[in-house]
Amino acid sequence: MPPDLLQDGEVVLLMLKPSPWFVPLGALRPVAGLALVAMLLATLNNAALDLGWLGLGGASLRTGLESRDLLLAGAGAVVLRWFWQLLEWLSHVYVLTDRRVLRSRGVLGVSTAEVPLPRLQQIELGQTAKEKAVGVGTITLSDGRGGHADWEMVARPEDVRDAVAQARRRYGGR
């Protein structure tokens with residue numbers, strides 16, 4: 001957590017990170033896309049298409065690379081994408097204090113969002129099908145005026161939502 005995030009005298013009630021499921025679930029679509037593209041390129045690399053109807057004669061899509069090399073490049077891209085997702089996971093921190101809710105994230109540039117407890121209007125728990133399948137959820141905390149802090153893919157989302165609601169009841173009247 002960035003050291004300057006907390007104010008003097010502010011008490012941390014809860015500090016957490018997204019569930020480790022954040023890494024595979026967050027990268028699922030890009031990884032599937034990269035794998036599909038790599039397999040498609042490897043398949044087309046071996047194809048000899050008759051493009052005579054386009055006036056190109058018997059052309060081939062061969063790149064001069066081995067299909068194995070294309071698949072290895074695709075596997076490398078998949079590993080890099082998972083590594084980036086791991087860095088994203090490491091950068092996320094969610095904090096509930098006696099004054100506000102905070103979210104800090106970002107690998108190359110840190111982004112923070114906060115909602116003071118007295119202005120906290122909505123505490124919403126959302127779960128996609130894949131999040132529900134592994135028992136995580138995203139909690140949206142908003143002030144009703146456009147300010148919000150999303151806590152993505154937290155474990156035990158109902159318990160976390162209840163802890164925030166309890167803090168709002170207890171400290172929100174300040």
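Predicted model: local features only at pLDDT ≥ 70, side-chain atom pairs only at ≥ 80, totals over all residues.
Let's start inside. The largest nonpolar core has 19 residues. Val-101, Leu-141, Trp-151 and Val-164 have the most contacts within it. Which elements supply two or more residues? They are β2 (93-97), β4, β6 (136-142), β7 (148-155) and α5. The biggest contributor is α5, with 5 residues. There is also a second, separate core, made of 6 residues. Val-23, Leu-25, Trp-89 and Met-153 are among them. As a general point, nonpolar side chains in soluble globular proteins tend to be buried together.

Now the hairpin. Strand β3 covers residues 100-105, and strand β4 covers 111-116. They pair antiparallel, over 6 bridges. Between the two strands sit 5 residues. Look at Gly-106 in that turn: its phi is positive, about 130 degrees.

Next, Thr-97, in strand β2. Is Thr-97 buried or exposed? Its relative accessibility is 0%, so Thr-97 counts as buried. The Thr-97 side chain makes a polar contact with the side chain of Glu-10, at 2.6 Å. Glu-10 turns up again in a network of salt bridges, linked with Arg-100 and Glu-114.

That brings us to charge pairs. How many salt bridges does a search of the whole structure find? The count is 6. In general terms, side chains of opposite charge can pair when their charged atoms come close.

Glu-152 is partly exposed at 25% relative accessible area, and Arg-105 is partly exposed at 29%.

Another pair joins Arg-119 and Asp-143, at 3.5 Å, N to O. Arg-119 lies in the loop between β4 and β5 (122-126), while Asp-143 lies in the loop between β6 and β7. The pair therefore ties together parts that are 24 residues apart in sequence. Arg-119 is partly exposed, at 36%. Asp-143 counts as buried, at 8%.

Then there is a local one. Asp-162 and Arg-161 meet at 3.4 Å, N to O. Asp-162 is partly exposed, with a relative accessible area of 40%. Arg-161 is partly exposed too, at 27%.

Back to β7 for a moment. Asp-150 lies in this strand. Its relative accessible area is 22%, so Asp-150 is partly exposed. Asp-150 and Thr-138 are 12 residues apart in sequence, and their C-alpha atoms are 6.9 Å apart in space.

On to the outside. Arg-169 is found in helix α5, residues 157-171. Arg-169 is exposed, at 64% relative accessible area. Which distance separates Arg-169 from Leu-117, C-alpha to C-alpha? In space they are 8.8 Å apart, and in sequence 52 residues.

Last stop, the nonpolar surface patch. Leu-36, Met-39 and Leu-71 make it, and it comes to about 300 Å². Leu-36 belongs to helix α2, residues 28-45. Why does Leu-36 count as exposed? Because its relative accessibility is 56%, and the cut-off for exposed is over 50%.

Conventions: Residues numbered from 1 in each chain as written. Heavy atoms only, no water. Patch = residues over 30% accessible without salt bridge, like charges linked within 9 Å, V, L, I, M, F, W, Y side chains within 5 Å. Areas by Shrake-Rupley, 256 points an atom, 1.4 Å probe, with all protein chains shown as cover. Salt bridge = Lys/Arg side-chain N within 4 Å of Asp/Glu carboxyl O. Helix = DSSP H or I, 4+ residues; strand = E, 2+ residues; numbered from the N terminus. Buried < 20%, exposed > 50% of the residue type's maximum accessible area, 1.4 Å probe, protein only. Pairing = 2+ DSSP bridges. Core = buried A, V, L, I, M, F, W, Y, C linked by side-chain atoms within 4.5 Å. Polar contact = N/O pair within 3.5 Å; in protein donor to acceptor, adjacent residues only side chain to side chain.
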